[in-house]
Amino acid sequence: MNEIITEILKLKKEKDAVILAHNYQLPEIQDIADFVGDSLELSKLTANVKASLIIFCGVRFMAETAKILSPKKDVLLPALTAGCPLADMIDTNSLALLKEKHPNASTVCYVNSSVEIKAMSDVCCTSANALKIVESIDNNEVLFVPDKGLGRYVAEKTNKKVILYEGYCPTHFRITKEDVLKAKELHPEAIIIVHPECPKEVRDISDFVFGTGGMLKFARESKYNKFLIGTEEGMIYRLKKEIPNKEFYLINSKLYCPNMKKTNLQLLYESLSEFKYSIEIPDDILERAQQPLLKMFEIESKL
Ligand code: SF4
């Protein structure tokens, strides 16, 4: 194990690479990464990173986002088949039909979507800024794609008309109301924090709703010491590592995203040594997909 880590670090230096890892990655990938974070943190980073090669340990839409924001750089996704079932729930035909049905609506697309869907959207958002983005756009009618979990959460908090698409994250939808009640019985003094991708009945009985970056910040800064966490299990490793003096428990033991766990040290090594798998996006799609991401950053900078 140590040998492969040494080789990865050597190759990283030789190739002027930076390793980015999402909060849901395996512990050994989080440990070797230069930066670990949520989609917003990592997408901001990719836009400013100095290294010429970006290795994105996450799923395909994240590596695509890095390429869109840093088109001149090479971006590699170590696990070729690491996709996102939520992102795959919408295709360009379904979105075209939805837009046709609601011609006056602006399309807000969660960053958990393919480059083609981003290219058809007006503005992107992440779980951390979705509400602010919807509130900031100059239109009272919004098509929110593809995640109905996050979309519903936003719809509850805004006066705008939010039209939802039927996509959902299979991992976060594995949390039930009963799971939360059972976990609370086991840890009655714990504060419950769940991800906005969770079903409404789960959010409704939780104490706080945050994306992964928000969870980390809240757990670090709040006066509470014990937390029940409703998101992918990789986040528990990050929380325990960053905040070792507090306690974190997963709401149930099924919160495992198989795609997020496809990247391992061997694939990371092969990615660096064999330059795979390079993210390639046709120029015209990349340019169109870049606009809604830049619009998101522009809105963010004014908030
Ligand atoms: Fe997609 Fe959900 Fe897995 Fe994230 S946790 S990659 S949204 S399926």
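The legends below describe close-up views of a predicted model.

View 1. The structure holds 7 aromatic pairs. In one of them, F210 and F218 are tilted, with 5.3 Å from centre to centre and 35° between the planes. F210 is partly exposed, at 24% relative accessibility, whereas F218 is buried, at 17%. F218 also pairs with F227: the ring centres are 6.5 Å apart and the planes stand at 80°, so this pair is edge-to-face. F227 is buried, as is F218. Ring pairs join F208, F210, F218, Y224, F227 and F248 into a cluster.

**View 2. Residues around the ligand.** The shell around the ligand consists of Y24, V59, C84, P85, L86, N112, C169, P170, T171, E197, C257 and M260. By residue class, the shell has 9 nonpolar, 2 polar and 1 charged.

**View 3. Packing of helices α12 and α13.** Two packed helices are described by the angle between their axes and the distance between the axes. Helix α12 spans residues 212-221 and helix α13 spans residues 234-242; they pack at an angle of about 30°, and their axes are 11 Å apart. Because angles under 35 degrees count as roughly parallel, α12 is described as roughly parallel to α13. The crossing of α12 and α13 is right-handed.

**View 4. The enclosed helix α4.** The buried residues in α4 are F61, M62, A63, E64, T65, A66, K67, I68 and L69.

**View 5. Two cis peptide bonds.** Most residues other than glycine have a negative phi, and most peptide bonds are trans. The bond joining V145 and P146 is cis, with omega at about -10°. P146 sits in the loop between β7 (141-145) and α9 (148-157). A cis peptide bond also runs from K276 to Y277, where omega is near 0°. Y277 belongs to the loop between α14 (265-274) and α15 (283-302).

View 6. D16, which is not a glycine, has a positive phi of about 55°. D16 is placed in the loop between α1 (2-14) and β1 (17-22), and its relative accessible area of 39% makes it partly exposed. F275 is a residue other than glycine with a positive phi, near 55°. F275 lies in the loop between α14 and α15 and counts as partly exposed, at 39% relative accessibility.

Definitions and conventions:
Residues are numbered from 1 along each chain as its sequence is written. This is a predicted model: local features need pLDDT of at least 70, side-chain atom pairs count only at pLDDT 80 or more; totals for chains, interfaces and linings use all residues. Side-chain values use heavy atoms; hydrogens and water are left out. Rings of Phe, Tyr and Trp (its six-membered ring) pair if their centres lie within 6.5 Å; planes under 30 degrees apart count as stacked, over 60 as edge-to-face and the rest as tilted. Buried means under 20% relative accessible area, exposed over 50%, partly exposed in between (1.4 Å probe, protein chains only). A residue is near a molecule or strand if one of its heavy atoms lies within 4 Å of it. Ala, Val, Leu, Ile, Met, Phe, Trp, Tyr, Cys and Pro count as nonpolar, Asp, Glu, Lys and Arg as charged, and the others, Gly among them, as polar. Axes are lines fitted to C-alpha atoms, for helices over the stretch in contact, and angles run from 0 to 180 degrees between N-to-C directions. Helices (H or I, at least four residues) and strands (E, at least two) are DSSP runs, numbered from the N terminus. Angles under 35 degrees count as roughly parallel, over 145 as roughly antiparallel, 65 to 115 as roughly perpendicular and the rest as oblique. A crossing is left-handed if the near helix is turned anticlockwise from the far one by less than a right angle, and right-handed if clockwise.
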